[in-house]
Structures are given as C-alpha cells and as structure tokens.
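Hi,

Here is the structure I promised to pass on. Have a look when you get a moment; my notes follow below.

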Amino acid sequence: MSNLDQYTIYVPSDQKMRLLGASLAHSLYRPRLTIDLVGDLGAGKTTFVQGLAHGLRIETPVTSPTFALEERHDDRLCHIDLCRLNKEASEQLLRHSDDFPGIRVIEWANRSTAHDADLRITIDDVGNDARRITIECRDVAIPTDQEIHALWDEVALPQHIRNHITQVSLVTEKVCKDLLRQCRAVRPRAVRAAALLHDLLRFVDFRSMQGDEYFIPDARTTAVWQKMKEQFGTPHEPAAARLLTEQGFPDIARIVSTHRGKSEDDLMHTTIEQQVLAYADKRVDLDKIVSLDERFHSLIDRHQKNASDPKELAWQESMRLLERNLLPDGLDL
C-alpha cells in the first residue's frame, strides 16, 4: 500500500491557476483536510486558493490573509498565511485551527514542521509567467500492483476480465494526461488502481456460475465465485466496493462504486476520478478500445437490450456529456 499520488502540472496564466484550484475541489475525498501551499512571493498561492474556493462554491471573496493571518469562509475553508510569522508563532496559530471541520489551506506552510498535511502543493516559477505545480496527495490509500494482482488471484478473476481492466487502465492514463495538460487536477495513481480493480467481482453478475463463451471455470473457481457472491452480494460495483473497503482501500472503493456511469448516478457531481473511470470503462469493449457508440451498440447486442429504451438512451447521453466535459478538445485513444 502507498499513500503518495504525485503529479506535476505546468500553468501558463492566472486564469489556468484558478482553473487548477477549482478542479482540485472535485478531487478531494475528505470533508476535513489540511493542504500545504508552498511558493515564493507572487507565485500565485492566493490565486490558487481563490480557484479552490470557487470549486467549493464559496461565494465570499478570498483575499490574501498576510496581515489578518487567518480567514474563515464558514465551516468549509480556512485560509491561513504564515508569511510574517516565525516557526513558534506559526505553530501556535496552527494549533488554534486544528479542529477546523473543513478544508484548511496553509500558505507558506514551510514555516512550520509541526503539522501533517494531507496534500502538499508546491509552486515554482519557470519563467514567462508560467508556473510548475507539484501536487502530492497523501490522504488516499492506494494498493500496489502486487496487492492488486494478489486480489485478482484471490477471487480467481478470469483472464478475459483481466485483459479488459488492463485496457481500461491504459485509457485512464491517457485521459489523466490530457486533464493535466488542461490544468485540471486528477489523481493518476488512484484512477489507475481503481481501473485495475473496477471489475474485480464482475462474475457475481454472471447469469450462470458455469461460465460462458469467454471462460469456463473449474470447480475450485466456481466455489470461490459463489463464496464471493454470498459474502459481498450483487451487483458487481457495490460488491467490489465492499471488498476493497474491507481490504483498507475505502477511497478506491468509492471510485469503483460508480463506474457503471448510469445517468441516475449523476456522475457530474462525483469526483473527477470517478468520472474518468466511468468514461474509460465505456471506451473498452472486451479488450479493445472503441468509440462510445461502438461500445453501447455492443452492450445492446450482447445483453439483448432495447436500443430505444429511454433509460438506455439517457445513459448513453450522460456518457457523451461526460466525454465532452472531460475531453473538450477530443482525444485520440
């Protein structure tokens, strides 16, 4: 298990800095967090926080608290600036906000070493008004590849499903790279892990535990599948989420839980990582990367669904909307 998800974004303007801050609000997994913000004077720290506040739907103005030291925006955002304080005064100020119930953002966080940050954001000037932003996330437990493969083996995951989820993980990597290019925050390692686990218990939804044209299980495999079905239930999305939570990965479970992407899941109000996984899953038919239209045509044919069913049409439209939101300029997969 690893808790570090680190990525770098190059930001060319204040407008993109605000966009990055706003997007981070859709990549948070706790209502209560501490975010360290490090950068030289004029690096854009307050601009970033203004974007974050917008993403959190905070309407009160966000200004630099250099002289006020601390500004609170109801119980959702506490904005602290340690610029003028020495180490002792900084740590005393931070102790007064230790019980803040929302997001605590600390500018000039390097002035204090007596607190633990869930996220650390470092802003470096790279010339021509551009900034290099390094975001380190330490709040989400992420399984290693070794742990993921061990789970595959433990549940006797069929090879054709392993092939599918491996392809989905490749799509998520490409989408994440494009989002970072757009100056939008996303956790690449968390999304990749969720992609490699999203169909972990896909077999609990099989019509028969005797297999199909893709895989015929032996007696041991059938027994394992039946045990998993009895223990974690159906359908496979919440079933896998329950198993992953039990394994100590509740946030990966959260990403996995909505990957079907049905319109009633209201994916536009979930985290960016959930959106990426739901979209990527709809771009892979078995083990081939396809268009959304090709994927839905295949699903309709394979499961003998009514192509004119309003629910099916709403599902397809919700995924097209998600594609436009994630990839406004398109992406060649």
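Asn128 sits in the loop that joins strand 6 to strand 7 (130–137); strands here are DSSP runs of E with at least two residues, helices are runs of H or I with at least four, and both are numbered from the N terminus. Its phi is near 55°, a positive value in a residue other than glycine. Asn128 counts as exposed, at 80% relative accessibility, where exposed means over 50% relative accessible area, buried under 20% and partly exposed in between, using a 1.4 Å probe and protein chains only.

Before going further, please keep in mind that this is a predicted model, in which local features need pLDDT of at least 70 and side-chain atom pairs count only at pLDDT 80 or more, while totals for chains, interfaces and linings use all residues. Residues are numbered from 1 along each chain as its sequence is written, and side-chain values use heavy atoms, with hydrogens and water left out.

Trp108 also has a positive phi, about 55°, although it is not a glycine. Trp108 belongs to the loop between strand 5 (103–107) and strand 6 (119–127), and it is buried, with a relative accessible area of 12%.

For your backbone checks, there is also a cis peptide bond from Thr234 to Pro235, with omega near -10°. Pro235 is in the loop between helix 7 (219–232) and helix 8 (236–246).

Now to a histidine. Where does His164 lie? It is part of helix 5 (residues 159–181), and it is buried at 8% relative accessible area. Its side chain makes a polar contact with the side chain of Asp281 at 3.0 Å (a pair of N or O atoms within 3.5 Å; within protein, one must be able to donate a hydrogen and the other to accept it, and residues adjacent in sequence count only if both atoms are side-chain atoms). Leaving aside neighbours within four places in sequence, the residues in contact with His164 include His198, Asp199, Val284, Leu286 and Arg295, contact meaning heavy atoms within 4.5 Å.

As for the whole protein chain, its secondary structure comes to 12 helices and nine strands. The C-alpha trace spans about 70 × 40 × 35 Å along its principal axes. Of the 333 residues, 53% are buried. Among contacts with a separation of 6 or more, 69% are between residues 24 or more positions apart.

Best wishes
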